[in-house]
Amino acid sequence: MSDANADSLFCKILAGDIPADIVYESETVLAFRDINPQAPTHVLVIPRKHISTINDVGVDDHVIVGGLYGAAREIAVTEGIAADGYRTVMNCNAAAGQTVFHIHLHVLGGRALAWPPG
Ligand SMILES: [Zn+2]
């Protein structure tokens, strides 16, 4: 894809160069299980377009980012966590804990989640 980033782990997953446990995909979105899950359900929802951080989301990207939430809603249903509740979170930059610089929405559920997060 033209907007792939050679240094991006998630672009490599999108290209099929690195395997992932994919749970959802659409024209604009891919979702797969986190390799280091923090809850019984921990899925990462990413746009097919490479966007490094929330700070890099342009006005033209708003529909794409909205699509991440649409995917999260569907994943919550198929994972059986929609009714009990789940969390979606997107970290921005190192101080917030972002470690892969291709935006990703965490979908966490299957256990009680504390608030505020750490
Ligand atoms: Zn990327």
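Where is the place of Asn93? I looked this up and found Asn93 in the loop between β4 and β5, where strands (E, at least two residues) and helices (H or I, at least four) are DSSP runs numbered from the N terminus.

Before going on, I noted that this is a predicted model, in which local features need pLDDT of at least 70 and side-chain atom pairs count only at pLDDT 80 or more, while totals for chains, interfaces and linings use all residues. I also noted that residues are numbered from 1 along each chain as its sequence is written, and that side-chain values use heavy atoms, with hydrogens and water left out.

**Backbone**

I read a phi near 75 degrees for Asn93, a positive value in a residue other than glycine. Asn93 is partly exposed, with a relative accessible area of 31% (buried means under 20%, exposed over 50%, partly exposed in between, with a 1.4 Å probe and protein chains only). I then looked at the segment after β5, which holds Pro116, and found that the peptide bond from Trp115 to Pro116 is cis, with omega near 0 degrees. Most residues other than glycine have a negative phi, and most peptide bonds are trans.

**Zinc site**

Which residues coordinate the zinc ion? I found Ser8 (OG), Cys11 (SG), His50 (ND1) and His102 (ND1), at 1.9 to 2.2 Å; donors are N, O and S atoms within 2.8 Å of the metal (3.2 Å for Na, K and Ca), and since water is not among the atoms, sites may look incomplete. The angles among the 4 donor atoms are 105 to 115 degrees, and the site is tetrahedral (four donors with all angles between 85 and 135 degrees). Cys11 lies in helix α1 (residues 9–15) and His102 in the loop between β4 (86–89) and β5 (105–109), so this pair ties together parts that are 91 residues apart in sequence. I noted that both Cys11 and His102 are buried.

**Strand β3**

I located Thr41 in strand β3, and at 5% relative accessibility Thr41 counts as buried. Its side chain makes a polar contact with the side chain of Glu79 (3.2 Å); such a contact is a pair of N or O atoms within 3.5 Å, where within protein one must be able to donate a hydrogen and the other to accept it, and residues adjacent in sequence count only if both atoms are side-chain atoms.

Technical notes: Four donors count as tetrahedral if all angles lie between 85 and 135 degrees; four count as square planar and six as octahedral if opposite donors are over 155 degrees apart and all others between 65 and 115; anything else is irregular.
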